[in-house]
Amino acid sequence: MDTRRESPFTREAKRIIRAIPRGRVATYGQVAALAGRPGAARGVAWILHSSSAAAALPWHRVINGRGGISLGRGRGFEEQRKRLAAEGVAVGRGGRVDLRRFQWEPKNGTAGLSRGARDFIGVLLREE
DNA sequence: CCTATGACAGACA
DNA sequence: GTGTCTGCCATAG
């Protein structure tokens with residue numbers, strides 16, 4: 001997979017993903033924003049899709065902005081659900097996770113705000 | 001350069 | 001809540 005040197009964005013994204021603590025989750029958009037590319041959620045998706053297990057990343061801690069597991073049944077869904085549950089993350093039917101309770105807050109104090117606001121704040125915290 | 005793909009996200013009906 | 005449409009981005013051919 002990793003054909004060779006990775007782009008700065010890819011490296012950053014992976015660094016961010018590795019920073020997600022146990023028992024917490026982050027959204028693709030959040031990772032992209034923290035990696036310095038707000039809106040590059042699909043880029044993050046591509047990264048995990050092409051090199052998740054191989055990169056030794058806690059890929060299971062990355063879910064979509066709707067608080068759900070994006071992997072399809074039989075394509076990793078159960079595995080991700082299992083890993084999250086093992087860390088104490090409550091995964092409801094349909095692979096739903098309550099972002100208000102489990103979304104990773106790089107600094108904290110952003111709970112209750114909208115996803116966009118949290119992601120934006122994450123970017124600011126990163127800038128300073 | 002251009003098209004296609006993907007574990008996305010937001011807006012809107 | 002659901003379904004659809006559009007915009008994003010990185011990477012592969």
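What share of the contacts in chain A with a separation of 6 or more comes from residues 24 or more positions apart? I looked this up to get started, and the figure is 60%. A reminder to myself: this is a predicted model.

**Entry 1: the overall plan**

I went through the elements of chain A and found six helices and two strands. Reading from the N terminus, I noted the order α-β-α-α-β-α-α-α. Chain A has 128 residues, and 43% of them count as buried. I also looked up the accessible surface, which comes to about 7,400 Å². Carbon and sulfur atoms hold 50% of that surface.

**Entry 2: helix α4**

Next I turned to α4, which spans 77-86. Which residues of α4 are buried? I wrote down Phe-77, Gln-80 and Leu-84. Looking down the axis of α4, I see these buried residues fall within an arc of 70°, so they line one face of the helix.

What do the buried residues of α4 pack against? My answer is β2, residues 62-63. On the other side of α4, I found Lys-82 and Ala-86 exposed. After the helix comes Gly-88, and I noted its positive phi, near 95°.

**Entry 3: Phe-77 and its ring**

Arg-73 lies over the face of the Phe-77 ring, at 4.2 Å from the ring centre. I then searched for aromatic pairs, and the count came to zero.

**Entry 4: Val-97**

Where does Val-97 sit? I found it in the loop between α4 and α5, the latter being 99-102. Is Val-97 buried or exposed? Its relative accessibility is 7%, so Val-97 counts as buried, the cut-off being under 20%.

I then listed the contacts of Val-97, leaving aside neighbours within four places in sequence. They are Val-25, Ile-63, Gly-67, Leu-84, Val-89, Ala-90, Val-91 and Phe-102.

Still, Leu-84 is on the contact list of Val-97.

Notes: Residues are numbered from 1 along each chain as its sequence is written. Chains are lettered from A and ligands numbered from 1 in the order in which they are written. This is a predicted model: local features need pLDDT of at least 70, side-chain atom pairs count only at pLDDT 80 or more; totals for chains, interfaces and linings use all residues. Side-chain values use heavy atoms; hydrogens and water are left out. Helices (H or I, at least four residues) and strands (E, at least two) are DSSP runs, numbered from the N terminus. Buried means under 20% relative accessible area, exposed over 50%, partly exposed in between (1.4 Å probe, protein chains only). Contact means heavy atoms within 4.5 Å. The arc is that of the directions from the helix axis to the C-beta atoms. Rings of Phe, Tyr and Trp (its six-membered ring) pair if their centres lie within 6.5 Å; planes under 30 degrees apart count as stacked, over 60 as edge-to-face and the rest as tilted. A charge sits over a ring if NZ of Lys or CZ of Arg is within 6 Å of the ring centre and within 35 degrees of the ring normal. Accessible areas come from the Shrake-Rupley method with a 1.4 Å probe; for residues, only the protein chains shown count as cover.
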